[in-house]
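Hi,

Here is the structure I said I would pass on. Have a look at it first, and then read my notes below.

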Amino acid sequence: MKLPRSIPIFIVLWGMLAPALADEDWQAGAAKISITPEQPMAMSGYGGRDHPAEGKLTDLWAKALVLQDASSHRAVLVTLDLVGLHRATSSEICDSLRDSFGFERHQIALCTSHTHTGPVVGDNLGPMAYDILGPDQQTLVDEYANFLRGKVVTVVGDALERLVPSRLSWGSGRSTFAVNRRNNQESSVPELRTAGELQGPVDHDVPVLAVRDLDDELTAVVFGYACHATALSFYRWSGDYPGFAQLELEANHPGCIALFFAGCGADQNPLPRRSVGLAEHYGRRLANAVDQVLLTTKMNGVSSSLRATYHEINLPFDKLPTREAIEKDAADANPHVASRARMLLAQMVDGQPLASTYPYPVATWRLGNEVQFVLLGGEVVVDYALRLKTELSGTRTWVAGYTNDVMAYIPSRRVLREGGYEGGGAMVYYGLST
């Protein structure tokens, strides 16, 4: 092709090379730090807990990945081996990150793995532990929230210090151990799986984001899966199957930090479950799905552009209970109903009226033109991820639940109409009024 003399040849060459160079204009840094409680304290995740942790199977971790694009836009992804964060704890962490490093709220994502073998964190799932804590355990819970905030600030600072020119790429794998727990009886799952007769919607995608330095060394990998972290139910600290998946990936790729985010798995369980062997097994399967993407597929480059948003939507509550109704609940035979009622009454005595709305958080990250990451608060059922992927861009759309504030189950209209645990019964464990 003959070029017009008015177009310098270097402009043409730049236009040919720019797409390739754009992938190299990222800066990225990752770090991790242990957040394992330093002494026995109350555990979260199950309503039947009646005493503190008895030991440790694996450490719990906070991990941070800082990304900076070609225009110096920054954001930080923090992943935590915890059942969830309450709004107050999340806000305190974000305030500290702003004060320490200048990150504004929309630049921060706090993702929890929802492991059920981690500690009570602040007021998250308060009615589950409210009656068994006692003054000494409540002090430990308060101290742990402060300890956690300090650890997150430290790990984000470490990640910032490790910022280096990097390339980002993405892919999507698959793992099939998650089962819709609303549609399949737990004891029948092995037989149903063998017969190919498992029922109900699932999301078996395994989104993968690879971060490599300019020597092509893998420095971080972010991956997700939509399934409860409930393979274990004992009294020892553990990251459950997501923890084992991260350990496996970091062993397979020395020098790499693996960060897990929980998808919309509020109605999904790893089945069968309740043994260390099964938690390790599911962790290996998830890690293998990630390695399948990393090692055997051509991943897609991510151009160097980062756009992050954060909004809170004031969702209205249903009809609020009267004080008389709450006082009646305080004497209920169900200890969790009674715990919630006593918490609400204490709130009212302090002069705080019942809220009529809740500030529900919705965040998005857009990585280049390639990946849209939607980050939702609460325990979100799988219907949300399936719909978002259908209406947006398929596997290029990643959907996390359990992010920034885990305040309640978030049922779809279908689940709400069907009722049951995810459709409303679980609300009592979060301490919300209705």
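Keep in mind that this is a predicted model. I started with the aromatic rings, and the structure holds twelve aromatic pairs. One of them is F223 with F260: the ring centres are 5.5 Å apart and the planes sit at 65°, so this pair is edge-to-face. It joins distant parts of the chain, as F223 is in strand 9 and F260 in strand 11, 37 residues apart. Both ends are buried, F223 at 0% relative accessibility and F260 at 2%.

Another pair is F261 with F373, which is tilted because the planes are at 55°, with the centres 4.9 Å apart. F261 is buried at 1% relative accessibility, and so is F373 at 3%.

F223 and F260 also belong to an aromatic cluster, together with F177, Y225, Y241 and Y282. Y241 takes us to helix 5, where it is among the buried residues. The buried residues of that helix pack against several elements, including strand 9, strand 11 and helix 6.

Two arginines lie over ring faces as well: R49 over Y235, at 5.0 Å from the ring centre, and R105 over Y310, at 4.1 Å.

What about disulfides: how many are there? A search of the whole structure finds zero. For C94, the closest cysteine sulfur is that of C111, and at 11 Å it is too far away for a bond. C94 is buried at 4% relative accessibility, and C111 is buried at 1%.

Cheers

Definitions and conventions:
Residues are numbered from 1 along each chain as its sequence is written. This is a predicted model: local features need pLDDT of at least 70, side-chain atom pairs count only at pLDDT 80 or more; totals for chains, interfaces and linings use all residues. Side-chain values use heavy atoms; hydrogens and water are left out. Buried means under 20% relative accessible area, exposed over 50%, partly exposed in between (1.4 Å probe, protein chains only). Helices (H or I, at least four residues) and strands (E, at least two) are DSSP runs, numbered from the N terminus. Contact means heavy atoms within 4.5 Å. A disulfide is a pair of cysteine sulfur atoms within 2.5 Å. Rings of Phe, Tyr and Trp (its six-membered ring) pair if their centres lie within 6.5 Å; planes under 30 degrees apart count as stacked, over 60 as edge-to-face and the rest as tilted. A charge sits over a ring if NZ of Lys or CZ of Arg is within 6 Å of the ring centre and within 35 degrees of the ring normal.
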